[in-house]
Amino acid sequence: MVPRESRLNVDPIALPARSDPVLRIESLTYAIDDRILLNEVDLQVGAGESVTITGPSGSGKSTLLSCILGLLKPSSGRIVLSGQDLVRLRGRELARIRQRKIGMVFQFGELIPELTPLENVALPALLQRGNRRESYDKAAALLSELGVPSHGRTDRLSGGERQRTGVARALINSPAVILADEPTGALDAKTKDQVADMIFDLPRAYGCAVLVVTHDASVAERANHVVHLDGGVLATVRTPGLGGS
Ligand SMILES: Nc1ncnc2c1ncn2[C@@H]1O[C@H](COP(=O)(O)OP(=O)(O)OP(=O)(O)O)[C@@H](O)[C@H]1O
């Protein structure tokens, strides 16, 4: 992730060698009425890399995720995912790319309580008309890898198990990027650490890019890069391992 050099507070040379960006956001502006909620945002996330977005309430973090998901149409700029500009896509084509390329993890899991954990995880693969057997086998394998029982009642899962199930569901279609909006916001301290460790290990374990929005500094610092959004402007970039500020 490299915001425009004019806005960098660190020497760009200090940033580590970058993989090719899976997600590249260029000069993204989103305005509603006369209010600019995102102002010329530039951001990149490479495969096998994690980036955290922090920022005060109302700074535009969720708006940025909604633009990447194609739920909001930017006023200008580009969102290039695996070489395709999502801003130019419409309707079914956008939905298809979103299903295949993006996995989303929510603050409260957002699982369907009437379905088992296995069914929740398999659902995105089935919606993509995946082979039924293969979809369920992959869902079972992911749940097993992430340590969640496949069967039983979804509404009886613990907070941590709920988030792990949400992560398994996000992974089922082998996405290029996983977006997570406050994924640890509803968890106690111990579970928060476990879930945060799991999420920031996804780039290594599954080769995807990870983009996390969080208010929690101890969670944010696990990422390869931390960027700060304020008033719709990407203000700073930090690479925790390098001690940038
Ligand atoms: N549809 C809308 N119309 C007008 N203003 C909006 C709309 N959606 C969001 N906003 C405003 O845009 C700003 C950014 O909102 P956003 O939800 O992206 O912030 P955030 O950084 O995610 O905040 P939080 O950390 O509290 O979730 C806020 O001031 C919000 O009130």
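1. A word on terms before the details. Helices (H or I, at least four residues) and strands (E, at least two) are DSSP runs, numbered from the N terminus. Axes are lines fitted to C-alpha atoms, for helices over the stretch in contact, and angles run from 0 to 180 degrees between N-to-C directions. Two residues are in contact if their C-beta atoms, placed from the backbone, lie within 7 Å. With that in hand, helix 5 lies across strand 6 and strand 7 (177–181), and runs at about 170° to strand 6.

2. Please keep the origin of the coordinates in mind. This is a predicted model, in which local features need pLDDT of at least 70 and side-chain atom pairs count only at pLDDT 80 or more, while totals for chains, interfaces and linings use all residues. Residues are numbered from 1 along each chain as its sequence is written.

3. Two strands pair if DSSP finds at least two bridges between them. On that basis, 6 strands make an open sheet with mixed pairing, in the order 6-7-8-3-9-10. Its edge strands are strand 6 (102–105) and strand 10, each pairing on one side only. From one strand to the next, the twist averages 20°.

4. Which residue of strand 10 stands opposite Val226? That is Arg238. Strand 9 and strand 10 (residues 233–238) pair in the antiparallel sense over 5 bridges. The two form a hairpin with 2 residues between them, and Gly231 in the turn has a positive phi of about 55°.

5. Strand 1 (residues 21–32) and strand 2 pair over 8 bridges in the antiparallel sense, with Leu23 opposite Val45.

6. A residue is near a molecule if its C-beta atom, placed from the backbone, lies within 6 Å of it. The ligand is surrounded by Ile32, Leu37, Gly55, Ser57, Gly58, Ser59, Gly60, Lys61, Ser62 and Thr63. These divide into 2 nonpolar, 7 polar and 1 charged, where Ala, Val, Leu, Ile, Met, Phe, Trp, Tyr, Cys and Pro count as nonpolar, Asp, Glu, Lys and Arg as charged, and the others, Gly among them, as polar.

7. Next, Leu81 in strand 4. A residue is buried if 20 or more other C-beta atoms lie within 10 Å of its own, exposed if 12 or fewer, and partly exposed in between. Leu81 counts as buried because it has 25 C-beta neighbours inside 10 Å. Its C-alpha atom is separated by 4.6 Å from that of Leu23, 58 residues apart along the chain. Not counting residues up to four places away in sequence, Leu81 touches Val22, Leu23, Leu86, Ile97, Lys101, Ala176 and Val177.

8. Asp33, in the loop between strand 1 and strand 2, has a positive phi near 55° without being a glycine. Is Asp33 buried or exposed? Asp33 counts as exposed because it has 5 C-beta neighbours inside 10 Å. Ser82, in the loop between strand 4 and strand 5, is not a glycine either and has a positive phi of about 45°. Ser82 counts as partly exposed, because it has 19 C-beta neighbours inside 10 Å.
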